[in-house]
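Here is a short report on one protein model. Look over the sequence and the structure first, then read on.

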Amino acid sequence: MKKFFATIAILILTLTVPVSAEKFSESSFVQLSENNVIATYYVVNCRESITLRRAPSVYAGEITQIPLGQAVGFIDDVGNGFYKINYDGLIGFALAQYLSPGKQANTIRYGTVVNCRESITLRRSPSVYGAEITQMPLGARLIYLGYGSDDFYKVEYRGMVGYAMKMYIALD
């Protein structure tokens, strides 16, 4: 009987301890519903992508990269130059200077095939084992769509979307 009352007392104390919403920690990001999103913002003013972080600090751990031009859900301006955002169901923090409520015209990035003899392969997946879609000749122009993996970019070439090795693409 004493164990029962002790367990109830601990449970009551645990449930009544106030939690401060002002504190952020490395583990403070969680997946939330889209109901918390106030507006749609876009990634701007960067070369390729920005970092979604676990806390509003440039020293906080990385959750993921968000490509240039990508839409995100704006949740809150937490100060210190950071916004709290929802990107693909992940809640985290990004520098406000790279987010804008309007899509900018310069969010389309182009690239050129370089560093090869004749052509490179556009693949269905970001792997050297990915199925070939087509060959892109040296000097071909393409549209950069974002990261495919550490070694690949996602690109569009003549209406075909696939992956090409970064070492063969010079972005404008």
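## Overall make-up

The protein has 1 helix and 14 strands. Both are DSSP runs, numbered from the N terminus: helices are H or I with at least four residues, strands are E with at least two. The chain has 172 residues, and 35% of them count as buried. Buried means under 20% relative accessible area, with a 1.4 Å probe and protein chains only; exposed means over 50%, and partly exposed lies in between.

The accessible surface comes to about 10,700 Å². Carbon and sulfur atoms hold 53% of that surface. These areas come from the Shrake-Rupley method with a 1.4 Å probe, and for residues only the protein chains shown count as cover.

## Confidence

This is a predicted model, in which local features need pLDDT of at least 70, side-chain atom pairs count only at pLDDT 80 or more, and totals for chains, interfaces and linings use all residues. Residues are numbered from 1 along each chain as its sequence is written, and side-chain values use heavy atoms, with hydrogens and water left out.

The mean pLDDT (the predictor's confidence in each residue, from 0 to 100) is 81. A value of 70 or more is reached by 77% of the residues. Over residues 13-35, the pLDDT is below 50. Beyond near neighbours in sequence, this stretch has 25 contacts in the model. A contact means heavy atoms within 4.5 Å. Where pLDDT is low, the predicted coordinates should not be read in detail.

## Strands side by side

Two strands pair if DSSP finds at least two bridges between them. Strand β4 (residues 71-79) pairs with β1 (residues 39-43) in the antiparallel sense, over 4 bridges. Here Phe74 is the bridge partner of Ala39.

β4 also runs antiparallel to β5 (residues 82-87), joined by 5 bridges. Gly73 stands opposite Asn86 in β5. β4 and β5 form a hairpin with 2 residues between them. In the turn, Asn80 has a positive phi of about 55 degrees.

## Two cores

A nonpolar core is a set of buried Ala, Val, Leu, Ile, Met, Phe, Trp, Tyr and Cys residues joined through side-chain atoms within 4.5 Å. The largest has 16 residues. Ile50, Ile66, Val72, Tyr83, Ile85 and Leu99 have the most contacts inside it. β1, β2 (49-53), β3 (62-67), β4 and β5 each give two or more residues. The largest share, 3 residues, comes from β5.

A second, separate core has 14 residues, including Cys116, Met136, Val155 and Ala164.
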